[in-house]
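Me: I would like to learn how to read a protein model feature by feature, starting from its surface. Could you take me through the one shown here?

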Amino acid sequence: MNKIIPVTLLSMLLAGNAGAQDKVMTVDVSKPAKGAPIQSTMYGIFFEDINYAADGGLYAEMVKNRSFEFPQALLGWQSFGNIEVRTEGAPFERNPHYVRLRPASHNDKRTGLQNEGFFGVTVEAGKSYRFSIYARAFDSGKSKLRVELADLASMGENQAVGSVSLDIDGKDWKKYTATIKADKGVKKGVLRIFLKGDAVDLEHVSLFPSETWKGRENGLRTDLAQALADLHPGVLRFPGGCIVEGTDLATRYQWKNSVGTVENRPLNENRWHYTFEHRYFPDYYQSYGLGFYEFFLLSEDIGAEPLPIVSVGLSCQFQNRNNPKGAHVDATREALDPYIQDVLDLIEFANGATSTKWGKLRADMGHPAPFNLKFVGIGNEQWDQLYPDRLKFFVDVVRKAHPEIKIVGSSGPDSEGKQFDFLWPEMKKLGADLVDEHFYRPESWFLAQGNRYDKYDRKGPKVFAGEYACHGKGKKWNHFNASLLEAAFMTGIERNADVVHMATYAPLFAHVEGWQWRPDMIWYDNTNSFKTASYYVQQLFSLNKGTNAIKLTMNGKAVAGNDDQDGLFASAVYDAADNTYVVKIANVSDKTQSVSLNFNGLKKKSAIGTYTVTSLHADNPDAENSLDNKSVVVPQTKSMPAVGDKTAKVSLDAKTFYVFRFKVQ
Ligand code: AHR
């Protein structure tokens, strides 16, 4: 249930009303511009191809197994008539399978195939779809196809809701394109191809909505890409996660396979296909259609620093925990050489001159200007001595060749404990610039972490809170209370902006019919999406990150949910762009609390002027947004009249997160 007006306006307006029980928070505004700079990268996003985040998600391709490369070559397809899967004379050497269609043996019999898409081919009435295919009429040099968007559940005379005819002309492979308009909408449709002429070979069958993000041909879903842009993220970490490592090294994410002609990017396994038997998806692979070039473009589009993560020569240590020695490359320079070369080549792909091999590929793909890559993460959730033994070779080489690139190391999969305590000093020894920490932890953990970063070494590497989310005990979904605790935790990140330089919630995306892991930040079906309460928390921090962290205390102490602080967590920043003080407070307690915010150090004639208060609240801590109701938990903003004093009194409703933006007058 949604509560629209979370702040008790009256008590805010009537000075003195809060009375003796007011808590006093002191915001030190004496030298705001001297506060620790908030890094532009502070609040970002982490993309991993989990939960059908790429194929079937952000990547707008609607055909599953478009190149017939799944181990079962026709998985996702139904074929009828005279059809055969072949490899001889294939047009794309890294995707060698294609299909041969010959006319059926009788006028009333048919040859063709139909694709089921990702959880159905979903089309919307009145919208257009861009179909493309590679074909050759190898026999007579002429053939014909009829391509349909079809509703198999239709009770109408005609299953097709849109169709187009394509003449195939010539014995050599050529690309054919056509636009199909859907007269009716279909949720669980198919893409159907009828052979209407002589024998033909077909390859790389593709269907995109005509409308994609920025109108790009190999494009992204507009609603999902826009949701990312609306977060105003400072950094985009990609492509994972565990898929960076692979179940084995052969199936690790190899960025070089994800660039160049899209038709020739080889298929890779996706470990999320089989990791959980209880959430099993046998048709989940990586087409690499959304590859490193597209990730760099996306970063540029949404103003985020790209942060690619690459393999350190260790496959997933968790999956190989019973085989600790078997799943990695030896810790020698020679054995690691191809992995290290991949990093150097990646930097060249992103930043190199167009005269270089990889810089030229970037230019050929359409982006001659460098992507201005500044960060590289090496290894995902690695642990034990195995990791530093390998990482050191990467650090040596990358430092020498590219001193300008910042290196991100890992502290393993745990938020604390043996591996964490071992790896942090190792990362420091190796001179990592940032250390990636992961924590998917319950409410109790988040409640106890308000002071986590207050104690960190100020001289060591900086922190990248690279994967985190509150996983409610017995409630693994995106309920409001989890997002409130994430907000509480994030005030501690913000207070420690001198040591925490990046933070990214995880995972980012989930298809409602194809998830393996939850909670997640943004959910969708094939055409519709919604933002979770956690999304709004991330967005509130990102939009209000300010420029400098400033001190906020209560009884001389940071406000971090400690025993004597009644469930309050708070941080403050200065925003030099509009001379505003931004105060964030999470009241995780069950009671309304009155707080006097004392702006200490304001110039004699200055006072707090008008302000806005944005709040995120739900009466029911288990409330969540959904495709059917996207606005159960959404932020509400109110403009408030000038305070005209150096102290602003605010009333904080129970279980509510607040962002106050105070103007100085
Ligand atoms: O985000 C899901 C997984 O959690 C990531 O792949 C991995 O890095 C972590 O264990």
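Reply: Let us start with the surface: the protein exposes about 25,300 Å², of which carbon and sulfur atoms supply 49%, with areas taken from the Shrake-Rupley method with a 1.4 Å probe, where for residues only the protein chains shown count as cover. This is a predicted model, in which local features need pLDDT of at least 70 and side-chain atom pairs count only at pLDDT 80 or more, while totals for chains, interfaces and linings use all residues. Residues are numbered from 1 along each chain as its sequence is written, and side-chain values use heavy atoms, with hydrogens and water left out.

Me: How should I read burial, and what share of the 665 residues counts as buried?

Reply: Buried means under 20% relative accessible area, exposed over 50%, and partly exposed in between, with a 1.4 Å probe and protein chains only. By that rule, 60% of the 665 residues of the protein are buried.

Me: What is the idea behind a nonpolar core, and which residues touch the most other members of the largest one?

Reply: In soluble globular proteins, nonpolar side chains tend to be buried together. A nonpolar core is a set of buried Ala, Val, Leu, Ile, Met, Phe, Trp, Tyr and Cys residues joined through side-chain atoms within 4.5 Å. The largest here has 132 residues, and Phe47, Leu58, Tyr453 and Phe509 touch the most other members. Apart from it lies another core, of 33 residues, including Phe68 and Val121.

Me: Which residues are in contact with Phe47, leaving aside its neighbours within four places in sequence?

Reply: Contact means heavy atoms within 4.5 Å, and with those neighbours left aside the partners of Phe47 include Leu58, Phe238, Pro239 and Phe509. Two of these partners, Phe238 and Pro239, are joined by a cis peptide bond, with omega about 0°, and Pro239 lies in the loop between β14 (235–238) and α3 (242–245). Such strands (E, at least two residues) and helices (H or I, at least four) are DSSP runs numbered from the N terminus. Another cis peptide bond joins Ala506 and Pro507, with omega about -20°.
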